[in-house]
Amino acid sequence: MFLQLGWRNIWRNRRRTLVILTAVVIGVWSMILLGALMRGIADQFVSNGIATLTGHIQAHHTGYRDDPVIENSITDPSRLEAVLTTCLPPGALWAPRVRVNAVASNARHSTGVTMVGIDPPQEAAISFIKGAVIEGRYLKPDDPYGILVGKALVKKFETKLGRKLVLMSQDTEGEIASRAFRIIGIYRAEMEVTERQFVFVTLPAAQQMLNLPHGISEVAILLAEHGQAKQVADTLQAELPAAEYAVNTWQELLPMVSAIMKIYDWFIFIWFLVVFIAMGFGIVNTTLMAVFERIKEFGLLKALGMKPWWIVKGVLIESFCLLVLGMAIGNAAGFVSVLALSGTGIDLSALAAGMEYWGMSRVIYPHILGTDVMMANLVVFILGLVVSLYPAVKAGRFTPVEALAHT
Amino acid sequence: MAMVQCTKVSKTYRQDTVAIKALNGVSLSITKGEFVAIAGPSGSGKTTLLNIIGGLDSADSGRVVVDGNVLTTMRQSELAQLRLHKVGFVFQAYNLIPVLSAQENVEFVMLLQGVPSPERRERARTILDDVGLRGMYDRRPAELSGGQQQRVAVARSIVSDPSIVLADEPTANLDSKTGASLLEIMKEMNEKKQVTFIFSTHDKMVMDYARRLIYLRDGRIVEDKVRKG
């Protein structure tokens, strides 16, 4: 009957209840929707980083990450390949790469790029590149002079499909090596900076050009699940001599992304608190008004033998009803909004130039995380009851004689 | 043994710098099953005396014993417990819980006492039938007349089998016919259940119904007479 009484009491002043209910609904809705958008942005940071070329794990020569020069290549990858074949979990994919800094030039322009030598079928399975080709075609394993370039680089170089592009870099002998390639495909990446930075050739073409027979710069590994990275990396490192091989997870390879992920956790929590503080004042105000309107009634309840704690409980049950109803509607509205946006996302391409600096995508797809929803609801529910304690205790403290005499 | 025993009870209220002596050394004894009216003009101390007997207010001095409980030494939580189990109240302004139906209002005290739901329901309906509200169980206070609301209040006060029922001017807001009918009901309850009833009133009709009339003036008992027959 206490619950029934609480529920009926909140509807005694329908307009006031609707106003505070709206505040709770908007608060919960915004917590869920904006939380999901922030998670979406964070996820895309990670996905972009992983899909662009990082993968979940990379293995390099020990010195490569500090000094990514041709001398720090893995000259004989057979041992690494054997370990990968035996130690990777089911569903894991990997691809070898040669990756060196180079100068790209044509008749009109030249610029610094990263030349990536790839095994086309293996690379297609682990990174964005095959699906990103928008003109021409993807590389074939027997393309000794074919090159894939980004749309932004094509524009910058005022070139097009079928034209030549010369790459120059230092080979294993310390000599300048160069090779003329023909543009066989143009790709579009999530970020323009990627399109300007990376050019793709076949692995044999890069090895020949750099005089690096069988050698590679790195192996990138894509796992079936994000969460496996640390464990798999540790297993691989244990199987490989630490003096020659360094195995790193994406968190180590993309430290800024990892840091941003942690910052996002705090942003979301702070956002929840800010929303709640605004909402909390409304809850206190409404509950106080509801209590002061019914002083005489609290006097009656005390006269009937209700202990102060029962009156506190009664007022808290009213807040409970209000909060649970607001949370239910707010959650439903939040989920519906996220569902509506999950197909199309929010197109922020007008801001894309600025956002790319931060590694954000042009389109943000919200992603609901169970823990965020739980935290939003817990913040509203627990803090909502905590702030209601003040008016509730006030109601419990009225003396029956004074309260009954109240007009 | 006395159901209510007041010995030299005094109470003074302070309003700013003015002290108002509401009760001035009141002593009285009321036995089980009495039907007592406390009469007197406004400000004579009737309501204060009822509040003190009901444990709603405390005396400044003197001793109050209700059904063997010395109220003047009890803590607030013990007084709440006493009110819940031993005292029923009927107020001038009915004071029903507006969001509860007639039956729920009557059940409420039993809920606080921890009476199981089916028993609550049965007892509430029986007592509502007794006070003439059969078929009005689900009506909320706003859907009842003043007389009907006061009958619900009487039903609520008596349903938990209290030792005493304290009624503060119960007929003041009712017309004479409705008031008389309510008094008949209370008298019937008094006779049927042997519950002690104490009224405060300045209504002549209520005084006529009472078997004992205690007259207060300026916080003192000036007359205490028992009607014969």
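In strand 9 of chain A, A:Ile221 is the bridge partner of A:Ile57. This is a predicted model, in which local features need pLDDT of at least 70 and side-chain atom pairs count only at pLDDT 80 or more, while totals for chains, interfaces and linings use all residues. Residues are numbered from 1 along each chain as its sequence is written, and chains are lettered from A in the order in which they are written.

**Strands**
- Strand 1 (residues 57–61) of chain A pairs with strand 9 (residues 218–222) of chain A in the antiparallel sense over four bridges, where pairing requires that DSSP finds at least two bridges between the strands, and strands are DSSP runs (E, at least two residues) numbered from the N terminus.
- Strand 1 of chain A also pairs in the antiparallel sense with strand 10 (residues 245–249) of chain A, over five bridges, and there A:Ile57 stands opposite A:Thr249.
- Five of the five residues of strand 1 of chain A are buried, a residue being buried if 20 or more other C-beta atoms, placed from the backbone, lie within 10 Å of its own.

**Domains**
- Chain A is divided into domain 1 (2–49 + 257–405) and domain 2 (57–222), with bounds that come from an automatic or database domain assignment.
- The C-alpha centres of domain 1 of chain A and domain 2 of chain A lie 51 Å apart.

**Helices**
- Helix 13 (residues 308–344) of chain A and helix 15 (residues 370–397) of chain A pack at an angle of about 150°, with their axes 8 Å apart; axes are lines fitted to C-alpha atoms over the stretch in contact, and angles run from 0 to 180 degrees between N-to-C directions.

Terms used
A residue is buried if 20 or more other C-beta atoms lie within 10 Å of its own, exposed if 12 or fewer, and partly exposed in between; C-beta atoms are placed from the backbone.
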